[in-house]
Structures are given as C-alpha cells and as structure tokens.
Amino acid sequence: MNKKSKKYFSEAKQILVGGVNSPVRAFTAVGKNPLFIKKAEGAYIFTEDDQRLLDYVLSWGPCILGHAHPNVIQSIEKTIKNGLSFGAPSVLETQLAKLIQEFMPHIEKIRFVNSGTEAAMSALRLARGYTKKKFIVKFNGCYHGHADPFLVAAGSGNLTLSKPDSEGVLESTSQYTLVCDYNNSEQLTHLFNENGRDIAGIILEPITGNMGVIPPTETFLSTLNKLCKTYDSLLIFDEVMSGFRCHKNGAQALLNTTPDITILGKVIGGGLPCGAYGGKAEIMEKIAPEGPIYQAGTLSGNPIVMASGIATLTELKNTKAFETAEQSCTFLCEELRKQLNKDHYCIQNQGTMFSLFFKKGPIQNLTDVQNCNLKQFPKFFHALLENNIYWPPSAYEACFISCQHKAQEIQHTVKTVKKSLSTIQN
C-alpha cells in the first residue's frame with residue numbers, strides 16, 4: 001500500500017526541504033512516509049495509490065463545506081477567466097470584507113493578507129504601534145504562525161523571561177514576548193503586575209486548536225478582559241482556526257467577548273491562501289496608507305482567493321452548512337464519549353472542531369496535553385489509516401468536520417475509533 005506515495009516522497013526529498021513544504025506533513029510524529037494526495041471531493045481525499053480516505057483534516061480547517069464544493073469551484077472558474085492577479089483593487093475585496101463583517105460586526109475595518117502568519121505578525125506590529133508599548137503576551141500551546149516573535153517558549157524560573165523556541169530567532173526579539181500558561185489566571189495577573197505598563201496586548205487562540213480543542217475557563221476569560229482594560233492593553237483574538245469553525249460567528253460570539261483585533265484565515269479563503277486582520281476603526285486606521293504603521297503585500301486581496309472566500313461565506317450565510325457540520329460533530333463526540341473509557345480518554349469539542357485526548361479530562365492547557373499517553377497516538381493513527389480514515393498526523397492538532405460528513409461517515413468513524421483503540425491496547 002502507498003507505493004506511489006513512498007516513491008514520490010523519495011523524489012521530493014531530493015529537491016524539497018524534508019520532502020515537504022510544511023513540517024507536520026512529513027508524518028515525523030507518526031513514524032511513516034506521508035501520503036501524497038491527488039484529488040479531494042466532499043468528505044474524502046484520494047491518495048496517489050487510489051486509497052479513498054474519510055478526511056478529518058480538511059486542509060487543516062478551511063474546507064468546512066467539504067472539498068471541491070460546486071459553488072466554490074464555479075466561483076473560482078468564473079473569476080479566473082478575467083485574470084489571475086491585478087496588483088490593484090477589485091470589488092471582490094470589498095465584497096468579502098462586508099461578508100466577514102456580517103458575521104463579526106465589531107470588525108469595522110479589515111486588511112487582507114496571504115496567510116495566518118502574515119496576519120498575526122501584522123496585528124502584533126499594529127498593537128505595538130497603536131499603544132506605543134513593546135511587550136506582547138502569548139500562551140504556551142497557542143500557535144500564531146512562524147514569525148520570530150511567536151516562536152518563543154516560557155523561560156525557566158521567571159515568568160517574565162522567555163527564550164527562542166527555534167534556532168535563528170534572536171534573543172533580542174524573543175525578550176519582548178512574554179509567555180505564560182493558557183487558562184492560568186494567577187500567572188497572567190502576576191505577569192501584568194510586573195510589566196503591565198509596557199504590555200501592548202495579549203494574543204491568544206480564544207478556543208485553541210493547535211494543542212487540541214481547549215476552551216477558556218470563565219475565570220481566565222474574565223481575567224483577560226479585566227487586565228486589558230486596567231492596563232490599556234489590546235486583546236487580540238487569533239481566530240485563524242476558530243473563526244467560522246467553533247461558532248458561525250467566531251469564538252468571540254460564543255464567548256460574548258469583543259476583541260480589539262481579530263486575526264482570520266483558513267475558512268475565509270475557502271481553501272486558497274488567505275489571511276486577514278481587523279478590528280476597531282480607530283486602531284485599524286493607524287495602518288498605511290491612513291496611518292504610520294507600514295504593512296503591504298503584492299498578492300494581498302488576490303481576486304481568485306477573494307472569489308473563493310465569497311462563495312464559501314455566502315454558503316455559510318444562506319444555508320445550514322455550518323449547522324449541519326456542527327450537528328455531525330456533536331453527534332460524533334457524544335457517541336465517542338458513550339463508547340470510550342473516560343478514565344483513559346477525553347473528548348472535547350466546539351462547533352465543528354473536536355479532539356480526542358489520551359488522558360482523563362478535562363484538558364485545560366499544554367501541560368495537560370503533554371501528560372497524555374502520547375505514545376499511543378502513532379499506533380492509533382495507523383490503525384485508523386488502515387480503515388480508510390485520515391486523522392491529523394499529530395496528537396496536538398484538532399480534527400475538523402465538514403457539512404459533507406453525513407450519518408454514514410460518522411457511524412463508520414465511531415466504530416473505527418473504538419476498534420482502533422481496542423487494537424492498540426492489546
């Protein structure tokens with residue numbers, strides 16, 4: 001099985017770094033050569049070896065309508081005939097911006113970019129430029145892309161010290177990123193007591209996905225809002241993953257919290273490369289050409305990408321696509337909870353995202369995730385794959401469901417997960 005994928009990976013490693021263009025694709029965490037995909041449709045992807053896999057990765061979140069949705073494809077095909085890129089404004093940019101605003105009304109102005117990483121690093125610069133402060137607070141386990149200020153881990157001994165988490169990141173950069181644990185109000189309060197006057201903002205995944213699906217506690221959420229208000233710091237929600245996924249209107253609607261800046265990506269591009277950041281007009285107007293904070297991008301607002309995003313959000317707006325996917329996710333998680341031993345496994349879900357943790361719950365932070373029985377995960381992953389289910393190849397990543405995951409697929413998944421876990425325990 002997967003002879004073609006093995007051959008293609010061998011060829012790719014000769015010219016591509018690690019044979020891939022994003023590290024998790026290399027399947028290092030699961031000890032196997034990666035699968036090469038040749039097409040996708042609905043809830044399924046198809047490998048070069050013609051294995052049909054029920055997909056719970058969905059391009060790491062964007063494909064909430066499923067793969068190759070007819071309306072999205074039609075919109076792209078229509079737009080592409082007019083040209084691939086203009087490097088100039090088009091009405092499609094305004095149309096997508098207005099659609100996003102309908103879902104997230106607090107976003108008074110928005111700027112499109114080409115990736116979540118680009119949006120996050122731009123939002124960080126905006127926060128510092130607007131507040132005239134230098135420190136940014138992030139949380140262990142929350143991922144905001146690979147820009148230098150975010151590749152920082154908590155230092156030992158003192159919460160106000162941090163260190164680069166990747167070679168090539170200068171300590172002079174990392175020293176302005178403060179790190180503490182997600183859902184730890186005491187740590188966060190201590191950090192602000194020590195540095196509050198110099199903190200430009202707090203950035204976090206309001207509901208995490210990059211260490212699995214973990215919601216904030218009420219106390220933690222209250223502390224975030226209180227500290228930002230007390231110290232005039234900006235609250236930045238990175239909704240690249242949670243936006244249009246954990247709730248139709250984003251985590252901010254679910255949590256009844258209005259951030260100062262929202263970072264978006266994934267779903268807003270409908271599967272094509274797209275990112276955005278937006279928020280209150282008085283903050284966003286500090287960006288060039290209206291203000292002194294510079295940010296630019298040759299391909300930002302690309303018409304093909306905008307068309308894909310418009311078609312995707314229009315479908316979410318005018319149909320029950322989100323509700324259908326959410327119901328499937330809820331049903332799947334409820335069935336898994338009935339079937340699995342709660343002393344060994346924990347299912348956490350929100351909207352159209354879910355995670356299976358190899359540990360008794362609840363899971364509230366990165367330490368909890370790291371204390372799971374992670375050695376079981378590679379065996380579990382391969383057992384699912386043998387039964388034609390494609391799960392994220394990392395124990396730290398969330399799973400996603402589309403509106404194309406119907407009852408038949410959900411029942412098959414419940415049965416296969418139970419069987420796979422039973423197999424690896426024996």
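This is a predicted model: local features need pLDDT of at least 70, side-chain atom pairs count only at pLDDT 80 or more; totals for chains, interfaces and linings use all residues.
Colleague: How is Asn256 to be read, buried or exposed?

Modeller: Asn256 has a relative accessible area of 72%, and therefore it is exposed. Its place is in the loop between α8 (251-254) and β11 (261-265).

Colleague: What is the phi of Asn256?

Modeller: The general idea is that most residues other than glycine have a negative phi. In this structure Asn256, which is not a glycine, has a positive phi near 55°. Trp60 is likewise not a glycine and has a positive phi, of about 65°, and this residue is found in the loop between β3 (52-55) and α2 (70-80).

Colleague: Which residues does a cis peptide bond join?

Modeller: As a general rule, most peptide bonds are trans. Here a cis bond joins Ala288 and Pro289, with an omega of about 15°, and Pro289 lies in the loop that runs between α9 (281-284) and α10 (303-318). Another cis bond joins Gly361 and Pro362, where omega is about 0°; the loop that holds Pro362 is the one between β14 (353-357) and α12 (366-370).

Colleague: How many helices and strands does the chain have?

Modeller: The secondary structure comes to 14 helices and 16 strands. The chain is as compact as a globular protein of its length, because its radius of gyration of 21 Å is close to the 22 Å that the globule rule gives for 426 residues. Along the principal axes, the C-alpha trace spans about 55 × 55 × 45 Å.

Colleague: What percentage of the residues of the chain count as buried?

Modeller: Of its 426 residues, 55% count as buried. As for the surface, the chain exposes about 19,200 Å², and carbon and sulfur atoms supply 49% of that area.

Colleague: How many positive and negative side chains does the chain have, and how far apart do the centres of the two sets lie?

Modeller: There are 43 positive and 38 negative side chains, and the centres of these two sets lie 4 Å apart.

Note on methods. Residues are numbered from 1 along each chain as its sequence is written. Side-chain values use heavy atoms; hydrogens and water are left out. Helices (H or I, at least four residues) and strands (E, at least two) are DSSP runs, numbered from the N terminus. The radius of gyration is taken over C-alpha atoms; the globule rule is 2.2 Å times the number of residues to the power 0.38. Buried means under 20% relative accessible area, exposed over 50%, partly exposed in between (1.4 Å probe, protein chains only). Accessible areas come from the Shrake-Rupley method with a 1.4 Å probe; for residues, only the protein chains shown count as cover. Lys and Arg count as positive and Asp and Glu as negative; His and the chain ends are not counted. The place of a charge is taken as NZ of Lys, CZ of Arg, CG of Asp or CD of Glu.
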